[in-house]
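The sequence and structure are shown first.

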Amino acid sequence: MADGDAVVAVSGGGRSRAGPPDYERSITLFSPEGRLCQLDYAFNAVKLGGITSVGVRGADCVYVVTHRKEDKLQDKTTVSHLFAITERMGLLATGMPADGRALAHEARNAAAEFRFKWGYEMSPRMLAQWIADRAQIRTQHAQTRPYGIVSMIFGIDEEEGTPQLFTCDPAGQFFGHKAAGAGLKEREVIDFLEERMESNPSLSSESTFEVHVTILSKP
């Protein structure tokens, strides 16, 4: 049987049925090409909603922005991709809204427990690593599935007093950024940011805001 062929099973009554290979359905099995198919599908889910998000870190600030689909029959206050985690830290979830809401709730609990235990606020970097660790664990257990979101974690580090911006993907990878994009038009956003940020390693608050306005004005 060639790699990737459908599996054919014969039941007790002699009737055959075809189905996808086990690695197509299980998060814990690698395909012959060395990929986790369910993880690939999670990355596809990030773009399925048609939302694009942008984050830019300035010298003393962080700006994030995302699109919101218009629905005249929907109460806009009940749907959001942007969540406050603490007074100085937030999370922008691009992808499946329900996954974003659930992860934000867990992140708030983690940040509150951290403050209670240690007496100071969790930094954006610590939260990004906490989210990445949880996402990576979800790729190892058959009874769970990956989050269908890319998270942007942003805020001000209480100890250093500096702005921070991180992204975390469904595979559990997290990265720090000067600027980042996620969602349907991620590649176009990143290409623009790379060109714009190449000669501007540290932007003022006004310049950072202008970058967002320029991106939003593009079709």
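Helices (H or I, at least four residues) and strands (E, at least two) are DSSP runs, numbered from the N terminus. Helix α2 is followed by G50, whose phi is positive, near 75 degrees. The model is predicted: local features need pLDDT of at least 70, side-chain atom pairs count only at pLDDT 80 or more, and totals for chains, interfaces and linings use all residues. Residues are numbered from 1 along each chain as its sequence is written, and side-chain values use heavy atoms, without hydrogens or water.

Within α2, C37, L39, A42, A45 and V46 are buried, that is, under 20% relative accessible area with a 1.4 Å probe, protein chains only.

Two cavities of 30 Å³ or more are found in a search of the whole structure. A cavity is a set of points, on a 1 Å grid over the protein atoms alone, where a 1.4 Å probe fits but cannot get out; lining residues have an atom within 4 Å of a point.

| Cavity | Volume | Lining residues |
|---|---|---|
| Largest | about 40 Å³ | T86, R88, M89, E121, M122, S123, P124, I156, E158 |

To the lining of the second largest cavity, α4 (124-137) and β7 (149-156) each give two or more residues. This lining has seven nonpolar, one polar and one charged residues, whereas that of the largest cavity has four nonpolar, two polar and three charged.

Methods. 1 Å grid on protein atoms, 1.4 Å probe; cavity = no way out; pocket = protein on both sides within 12 Å on 5 of 7 lines; lining within 4 Å. Points joined across faces, edges and corners; volume = space filled by probe spheres on them. Nonpolar A, V, L, I, M, F, W, Y, C, P; charged D, E, K, R; others polar. Buried < 20%, exposed > 50% of the residue type's maximum accessible area, 1.4 Å probe, protein only.
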